[in-house]
Amino acid sequence: MASTSRAARSQNATLSQASQQPVHVVDAKVRAILNYILDHTAQKIPIKDKDLLAVAGDKSELWSRLPLVTNLLAERFGIMLTPLDATSKTLICTAEEPVASIHELTPAQRPQFTLLYIILMYIFLRGNRIEDSKLYAMLEMLNIFPDEEHGYFGANLRKQIEETFVRQQYLKRERSQLSAYDDPKTFFLWGPRAKAEFTFEQMVQFASKLLNQHPKAFEHHLSMAQEGLNAEQ
């Protein structure tokens, strides 16, 4: 999860899709693609290649310029442009350097970030997969009710969790049904953006402070989470 490895994966992924003669000069289409990505970065919504095609004109124009755009984003703005997965035509922008402190965020961003951190921590502690009802039960223990307005986190928390965090790829939702006789259940997992922007070690430090326990108490959780990540790669 180091930023250097993310940068290498990002560049290799975009280079593999580029034409044999990539563009090395910043022209009008490079600026248009770059501006489009920057305009959509704040919302953290994944960018589909068809949206970039509309800006670039056609596939050859896009893929010949995407390596240069990727480098410019990383060098000038500290933004990593990476495919959602190996076969995806969807890209996400992540920060090359993760947020080190909540004080780096604006006051409006802090409640959302804190809520996300709590949720990611709990998923991590529960083996990186948690049933939605159990997640909400944990939040209610903290006096965070998904269908009620909260003094710090605000209103529409269920929508924030189930729609916004999922759309931003911080969370992944899975439906599972053991048999035709069982009701389907919904589970939350870490999404691709969470894996790119956060580390399991950060979750250990956060859990240690929040639960007032030594970090070594979470060594088993860390080992299990790392094994799961290695199995995905």
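Strand 1 and strand 3 run antiparallel and are joined by two bridges, where strands are DSSP runs of E with at least two residues and helices are runs of H or I with at least four residues, both numbered from the N terminus. Two strands are taken to pair if DSSP finds at least two bridges between them. The model is a predicted one, in which local features need pLDDT of at least 70 and side-chain atom pairs count only at pLDDT 80 or more, while totals for chains, interfaces and linings use all residues. Residues are numbered from 1 along each chain as its sequence is written, and side-chain values use heavy atoms, with hydrogens and water left out.

Strand 3 is mostly covered, with five of its six residues buried (under 20% relative accessible area with a 1.4 Å probe, protein chains only; over 50% is exposed and the range in between partly exposed).

Turning to the helices, helix 5 (residues 110–125) packs against helix 7 (residues 157–167) at an angle of about 75°, with the axes 12 Å apart. Axes here are lines fitted to C-alpha atoms, for helices over the stretch in contact, and angles run from 0 to 180 degrees between N-to-C directions. Helix 5 is therefore roughly perpendicular to helix 7 (65 to 115 degrees; under 35 is roughly parallel, over 145 roughly antiparallel and the rest oblique). Gln112, Leu115, Leu116 and Ile119 of helix 5 meet Leu157, Gln160, Ile161 and Phe165 of helix 7, contact being heavy atoms within 4.5 Å. By class, this contact has six nonpolar, two polar and no charged residues (Ala, Val, Leu, Ile, Met, Phe, Trp, Tyr, Cys and Pro are nonpolar, Asp, Glu, Lys and Arg charged, and the others, Gly among them, polar).

Helix 5 also packs against helix 9, at about 100° and with the axes 10 Å apart, which makes these two helices roughly perpendicular. Among the residues in this contact are Tyr117 and Met121 of helix 5 and Met203 and Phe206 of helix 9. The residues of the contact divide into 13 nonpolar, one polar and no charged.

Rings of Phe, Tyr and Trp (its six-membered ring) pair if their centres lie within 6.5 Å; planes under 30 degrees apart are stacked, over 60 edge-to-face and the rest tilted. The count comes to nine aromatic pairs. Phe113 and Phe198 have ring centres 5.9 Å apart and planes at 50°, so the pair is tilted. This pair links distant parts of the chain, 85 residues apart: Phe113 is in helix 5, and Phe198 in the loop between helix 8 (192–197) and helix 9 (200–211). Both Phe113 and Phe198 are buried. The rings of Tyr170 and Phe198 also form a tilted pair, with centres 6.2 Å apart and planes at 45°. Tyr170 lies in the loop between helix 7 and strand 5 (171–176), so its pairing with Phe198 ties together parts 28 residues apart in sequence. Relative accessibility is 2% for Tyr170 and 4% for Phe198. Ring pairs join Phe113, Tyr117, Phe165, Tyr170, Phe198 and Phe206 into a cluster.
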